[in-house]
Amino acid sequence: MPFDQELSTSLLDWWLAHGRHAIPWKLTAQGRVPAFTEVLNPYPIWVAEVMLQQTQLQVVLPYWTRWMGRFSTVQALAQADEQEVLLLWQGLGYYSRARRLHQGAQQFLRIYGQGLSDDAFDRWPRDLESWLTLPGIGPSTAGSILSSAFDRPFPILDGNVKRVFSRLIASPMPPARNSKELWALSEQLLSTEQPRNFNQALMDLGATVCTPKNPSCQQCPWSEQCAAYASGDPVAYPVKEAPRELPFQVIGVGVVLNDAGEVLIDQRLNEGLLGGLWEFPGGKQEPGEAIEVTICRELQEELAIEVQVGEELISLDHAYSHKRLRFVVHLCHWRSGEPQPLASQQVRWVKPQQLNEFPFPAANARIIAALLARLHPEEGTAAA
């Protein structure tokens with residue numbers, strides 16, 4: 001379906017009146033909206049774009065603010081300890097994004113660091129290929145950084161934009177299988193005179209009007225040209241992949257205490273979804289196996305220790321994009337064996353009050369809270 005520049009113009013007009021103009025990383029150091037072709041600091045935009053991958057703006061804002069308060073420059077991030085980076089990211093999920101951002105800052109300084117200053121951005125790359133060499137940056141993230149920081153005409157295709165375009169053309173295919181056409185449409189409609197504003201307008205349209213459920217089609221500047229709206233059922237688009245049943249697993253977890261009242265934690269290997277984070281040891285329950293047996297077996301296999309499994313501390317369900325887990329957590333007492341990291345990076349005995357100094361996966365926050373409440377019930381009573 002051919003489109004002309006009237007779509008671009010109508011979107012920009014809508015954005016001037018209804019767009020989100022107070023996003024902090026999209027403002028100058030003086031707190032104003034940048035003029036055309038004015039350069040913004042690319043580093044805060046880079047951080048924000050990585051945080052925004054699979055995460056909504058309102059969730060990202062407090063994390064981005066804390067991050068910039070601690071790692072205000074690319075140099076500060078590159079020199080930081082990875083554990084501190086992960087701890088500051090804790091709660092955002094998809095922790096590989098944090099590790100790649102950290103690695104990207106180090107790689108960036110190796111390439112561009114000589115003579116790089118905090119307030120002069122002339123040494124920052126302005127071509128797509130250079131950004132794509134950095135870990136964790138794909139074409140849409142790179143395009144958003146370049147258009148936001150330098151007002152360069154590069155298209156984007158994040159989740160919001162995929163939904164907008166899929167509805168605009170009533171695509172019969174899920175976005176993942178129609179990316180070529182959607183990219184072509186993003187490039188075709190991009191305003192070469194105002195790429196920064198146009199890309200932001202696209203994202204704002206998807207976030208505030210063309211929402212996944214209950215889209216506000218009457219407020220959309222593209223409703224007259226939108227094929228999904230014309231169909232009478234815009235929510236039917238984007239077409240979804242056939243749902244698949246997520247595998248379900250039960251995980252036995254041991255919160256192991258020694259005679260000194262310390263608790264045993266181990267650090268996951270860097271590979272995988274939660275790489276580099278700390279956790280309470282445990283593993284998958286085998287068919288027909290009692291959960292207490294699971295915990296004893298897993299702690300022997302992974303840490304070479306013997307424990308006495310005590311009462312259940314907490315049971316909780318947690319869903320990832322690819323599987324559903326139930327964690328059944330028991331208090332345990334260490335009996336013998338020096339803990340060894342047979343399936344992890346390192347193990348450590350820590351005081352329960354020190355647990356908040358380590359980055360844990362989100363599911364572990366409730367385990368820690370349950371442990372502290374069990375160890376210090378008077379504090380929970382006082383708080384209540």
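**Backbone exceptions and exposure in a predicted model**

In this predicted model, Asn214 is exposed, with a relative accessible area of 68%.

Trainee: Where is Asn214 found, and what is its phi?

Mentor: Asn214 belongs to the loop between α11 (195–208) and α12. Most residues other than glycine have a negative phi. Asn214 is not a glycine, yet its phi is positive, at about 50°.

Trainee: Is Tyr94 buried, partly exposed or exposed?

Mentor: Tyr94 lies in the loop between α5 (82–89) and α6 (96–112). Its phi, near 45°, is positive although Tyr94 is a residue other than glycine. Buried requires under 20% relative accessible area and exposed requires over 50%. Because the relative accessibility of Tyr94 is 32%, this residue counts as partly exposed.

Trainee: Which residues does a cis peptide bond join?

Mentor: Most peptide bonds are trans. Here a cis bond occurs, with omega at about -5°.

Trainee: Why does Asp233 count as partly exposed?

Mentor: Asp233 is placed in the loop between α12 (227–230) and β1 (248–257). The partly exposed class covers values between the buried limit of 20% and the exposed limit of 50%. Asp233 falls into that class because its relative accessibility is 40%.

Trainee: How many Å apart in space are Asp233 and Leu157?

Mentor: In sequence, Asp233 and Leu157 are separated by 76 residues. In space, taken from C-alpha to C-alpha, the distance between Asp233 and Leu157 is 23 Å.

Methods: Residues numbered from 1 in each chain as written. Predicted model: local features only at pLDDT ≥ 70, side-chain atom pairs only at ≥ 80, totals over all residues. Heavy atoms only, no water. Helix = DSSP H or I, 4+ residues; strand = E, 2+ residues; numbered from the N terminus. Buried < 20%, exposed > 50% of the residue type's maximum accessible area, 1.4 Å probe, protein only.
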